[in-house]
Amino acid sequence: MAMPPQDPRAEHALLARMKRGDEEAFLALYRRHKDAVYRFALLYSGSAAVAADVTQDTFVHLITQPGQFDPTRGSVGAWLCGVARNLARKHFAGREDATDPALLADDGHAHQAHVDPETPLDRVLRSESAEQVRRAIAAIAPHYRDVLVLCEISGMSYAEAAQTCGIDIGTVRSRLSRARAQLAQRLADYASPAHGAAKEAV
Amino acid sequence: MNTETPNDPAREAFVDARLADLRRESALLAPPAALEGALLAKFRREQRPARRPLLWWMPPLALAATIALVSWMIRGPLPPMKTQVQAAQSIPASATPSDDAPFLALRPLERIALEPGTTVVATEFPRALLADWGLPVSPDRAGEPVRAEMLYSADGEALAVRLIN
């Protein structure tokens, strides 16, 4: 599911019209980006309620601070996802541990200290298989999680993900590689008989 | 897919397949429909021009009054006498007195210029008195009163006169 290709000139024209108070331009921008922002927030936070709040706050930011968008640094979509990411991180600021890359283990497994143990895990998907992947993503370290969601689910390019997260493309590549390794490990853990027995015991 | 170094092709294929499941399912997700209306209302509120306060005219009025007061205080209530007295020297004696006529010096200009405190007093006197100051007076109107402003020194000496009519 790649992000639909957007003509940057059309986006910038919409943004300029929106700044002049054009309601239709704002609605067009909202309808273009609402799903991507909401999905990112949902997969990042694991909570539909938090995702709705983050989506609302992201577009309120667009309404009140449109001048913060810098067209030389990327697309409107990537900027909005970056705003959503910051808002979601702020939401969990009191619950997530530090994600300084210097502190990360290099073996592809998140150290327990970097896993958010309180990420809400309400069921949001009908498919059991997809729901299991979503839970596995919610359990990996936040700085790996956002790159994974942006590149693999939202379909962003490495450059767009780098803009969204405020990191360079090389870091996006390495984090994505480690995120996939962590995801594979967690999915394997879920599939193991021991995990099923432990779940039944609970 | 997006991996940097796919070490284990089987593991990568497994992850890709599971992520594809999630992509398919999450494509059905959308934010609550009510959000659009709420954001549109917010957008309209933001675009509405700020309402003019009820007493919006008070600050500019106060500013104008302050400027007028300060201007009056700096310039002073009295006209600059020296300039007017000097101007009076150039007026011929036969000039017709009027409301905007300059003061006519009755004492040397140097003395008037050095006078520390002067007062202007509106007064009325017989027209015949004008002849004493060298001004032409018609004999048949000599008995009529004439209105004038007198410039007095601090000790009451008449320094200059200005005819009003």
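In chain B, strand β2(B) runs antiparallel to strand β3 (residues 145–152), and eight bridges join the two. Helices (H or I, at least four residues) and strands (E, at least two) are DSSP runs, numbered from the N terminus. Two strands pair if DSSP finds at least two bridges between them. Thr119(B) stands opposite Tyr152(B) in β3(B). The model is predicted: local features need pLDDT of at least 70, side-chain atom pairs count only at pLDDT 80 or more, and totals for chains, interfaces and linings use all residues. Residues are numbered from 1 along each chain as its sequence is written, while chains are lettered from A and ligands numbered from 1 in the order in which they are written.

The open sheet of chain B has four strands in the order β1-β4-β3-β2, with antiparallel pairing. β1 (104–105) and β2 (119–126) of chain B each have a single partner strand, so one side of each lacks a neighbour in the sheet.

Between the chains, 37 residues of chain A are in contact with 28 residues of chain B (C-beta atoms, placed from the backbone, within 7 Å). On the chain A side, α2(A) gives the most, with ten residues.

Within chain A, the axes of helix α7 (residues 158–165) and α8(A) come within 8 Å and cross at roughly 100°. Axes are lines fitted to C-alpha atoms, for helices over the stretch in contact, and angles run from 0 to 180 degrees between N-to-C directions. α7(A) is therefore roughly perpendicular to α8(A) (65 to 115 degrees). Among the residues of α7(A) that meet α8(A) are Tyr158(A) and Ala159(A).

Methods: Contact = placed C-beta atoms within 7 Å. Parallel < 35°, antiparallel > 145°, perpendicular 65-115°, else oblique.
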